[in-house]
Amino acid sequence: AAVDNSPAIVVGSGYGGAVAALRLGQAGIRTLVLEMGRLWNTTGSDGKVFCSTSAPDQRSMWFRTRTEAPLATFLWLDLVNKDIGAYPGVLDRVHYDNMSVYVGRGVGGGSLVNGGMAVTPLKSYFAEQFPTVDADEMYGTYFPRARSMLGVNTVDPAWFESTEWYQFTRTSRKAAANAGLKTTFVPNVYDFGYMQREAAGTATKSALAGEVIYGNNYGKRSLDKTYLAAALGTGNVTIHTLEKVRSVTRASDGSYVLTADRIDTTGKVVETKQYSCTYLFLGGGSLGTTELLVRARETGTLPALNAGVGAGWGTNGNTMLGRANHIWDTVGANQATMPVMGIDDWANTANPVFAEIAPLPMGFEHWISLYLAITKNPERASFSYDSSSGAVKLGWTAAQSAVSVGMAKKLFDRLNAANATIYRYDLFGSTSKVFADDFTYHPLGGCVLGKATDDYGRVKGYSRLYITDGSLVPGSIGVNPFVTITALAERTMARVLAEDTAP
Ligand code: FAD
């Protein structure tokens, strides 16, 4: 097959890939982005790009015949999941032993399906996780650059206090206050001006229509509207969709050679393509990038990759749980899907937890307070290559999840005691499961900065090979991760364009 040559290739179009594409394009470097998901810009028969959460169809999930929503049940009834047709839908749930990982698929990666919470970590914790990175420079230059490019904004506090759509958050705030716990507003990339118009009835509802994990039709500043739109605007960036990079090797002239499978919407491989490039940027996310490199090392296509590739993976301590409120503490039938507040107990060194107050929009009053707790779980796992099946496996154990659960439980036992409330037992499938300990939204690590790469994301053992995504983050960042991933990618690109690509 003919080899298609580009000066630069970017694998994946999530946060890390989008930043790389924009900065390469602006530097005048012709760049090809390869994305395994589809471009989400055409409407279905319902006139919408994304399907609704309450009646999901094939657009919801990546090649599934039934949806796999994080909340499996309600009152033990399997009301939440629906049969669908197999299709390259926008949300994937990747199953490993004892842990499954939610990721976005499509042009924009996780930005298409996530809650939009745009949180900058505590500087001291960032410095603890990234001891070799200049934190002053990050907080002075790259975090502000990332926030401004991502379109981060905050909910108007007066509107927040008065709207029915955030009653659920105010009720959780009150319960936290009763336990002496601090809550804090968190910024978001969803356009809050748009949300207020939704509430006023002057704009088509999206966050106020339950839309989030299967995509937002309006209001969300996903990467296809920010970084990637700007990247295409440089005239130097091209995106190929439904192309999954399967392997990477290096030719004798030092260029990288990629093999990619192009699929159709049934998932059938319709073409296997060969690409080559001088500069290769990996933005396939913690799972995508790590899998590609573990396989490359173990099959000998990039044999000089070091032992840091595949190591240092964590869940950001994710645990989800629900509490049952008293009958007078209503959460409202109407709930916005964009979280705007968290319980911030990270400073509690005995048990650091940051718990996002999550929505559960069901269209009726259910008295449930839902939380996504981010705990300071120190457990890490490694990926390994199974040569008989060719699969890359994750060695995460149930005992490692139990550490997150133990930390979340300490905080919420305290909160329940102060309010004389209890956990909900009916939300996560099997009877009496209180903590969802078997999935994460925040896969981090696998190719940790300073270990698998140098301190700027240059892969050790190879020149002109870079990582710009969540695989650099050492398993935990204490808050929702995409602002950190974006800011680190900005830092890498500034350095690489200044030092590595000069003629
Ligand atoms: P990704 O965004 O995952 O992008 C990787 C891209 O590469 C994907 O598009 C993928 O399809 C593609 N790809 C992978 N492998 C290949 C390959 N071999 N060939 C071609 N393409 C490939 N974070 C927050 O900060 N705030 C939130 O509110 C928040 N909420 C979330 C809610 C949900 C439901 C989920 C799933 C995640 C949430 N996150 C949130 C996490 C956040 O979305 C991720 O941390 C972020 O998207 C990771 O960015 P990334 O650049 O590392 O990779």
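Analyst: Gly-283 touches Val-10, Val-11, Gly-12, Gly-14, Gly-16, Gly-17, Ala-20, Thr-468 and Asp-469, leaving aside residues up to four places away in sequence; contact requires C-beta atoms, placed from the backbone, within 7 Å. The model is predicted: local features need pLDDT of at least 70 and side-chain atom pairs count only at pLDDT 80 or more, while totals for chains, interfaces and linings use all residues. Residues are numbered from 1 along each chain as its sequence is written.

Gly-283 sits in the loop between strand S9 (269–282) and helix H8 (285–298); helices (H or I, at least four residues) and strands (E, at least two) are DSSP runs numbered from the N terminus. Gly-283 is classed as buried because 30 other C-beta atoms lie within 10 Å; the classes are buried at 20 or more such atoms, exposed at 12 or fewer, and partly exposed in between. Val-19 stands 264 residues away from Gly-283 along the chain, yet their C-alpha atoms are separated by 9.2 Å.

The ligand is surrounded by 40 residues, and the closest are Gly-12, Gly-14, Gly-109, Gly-110 and Gly-288; a residue counts as near if its C-beta atom lies within 6 Å. Helix H8 gives the most to this shell, with four residues. Helix H1 (15–26), strand S4 (99–104), strand S7 (243–250) and helix H10 are among the elements that each supply at least two residues. By class, the shell has 15 nonpolar, 21 polar and four charged residues; Ala, Val, Leu, Ile, Met, Phe, Trp, Tyr, Cys and Pro count as nonpolar, Asp, Glu, Lys and Arg as charged, and the others, Gly among them, as polar.

Strand S4 also belongs to an open sheet of three strands in the order S3-S4-S19, with mixed pairing. Its edge strands are S3 and S19 (439–440), each pairing on one side only; strands pair if DSSP finds at least two bridges between them. Strand S3 (residues 91–96) and S4 run antiparallel and are joined by six bridges, one of which has His-95 with Ser-100 as its partner in S4. These two strands form a hairpin with two residues between them, and Asn-98 in the turn has a positive phi of about 65°.

The largest nonpolar core has 145 residues, and Ile-9, Ala-18, Ala-21, Leu-321, Val-353, Tyr-371 and Ala-408 touch the most other members. Its largest share, eight residues, comes from H10 (residues 482–499). In soluble globular proteins, nonpolar side chains tend to be buried together. Tyr-371 touches Met-320, Leu-321, Ala-355, Glu-356, Ile-357 and Ala-358, not counting residues up to four places away in sequence.

Ala-420, in the loop between helix H9 (398–419) and strand S17 (422–423), counts as exposed because it has 8 C-beta neighbours inside 10 Å. Arg-464, in the loop between strand S20 (444–447) and strand S21 (465–467), is partly exposed because 19 other C-beta atoms lie within 10 Å.

Technical notes:
A nonpolar core is a set of buried Ala, Val, Leu, Ile, Met, Phe, Trp, Tyr and Cys residues joined through C-beta atoms within 7 Å. Two residues are in contact if their C-beta atoms, placed from the backbone, lie within 7 Å.
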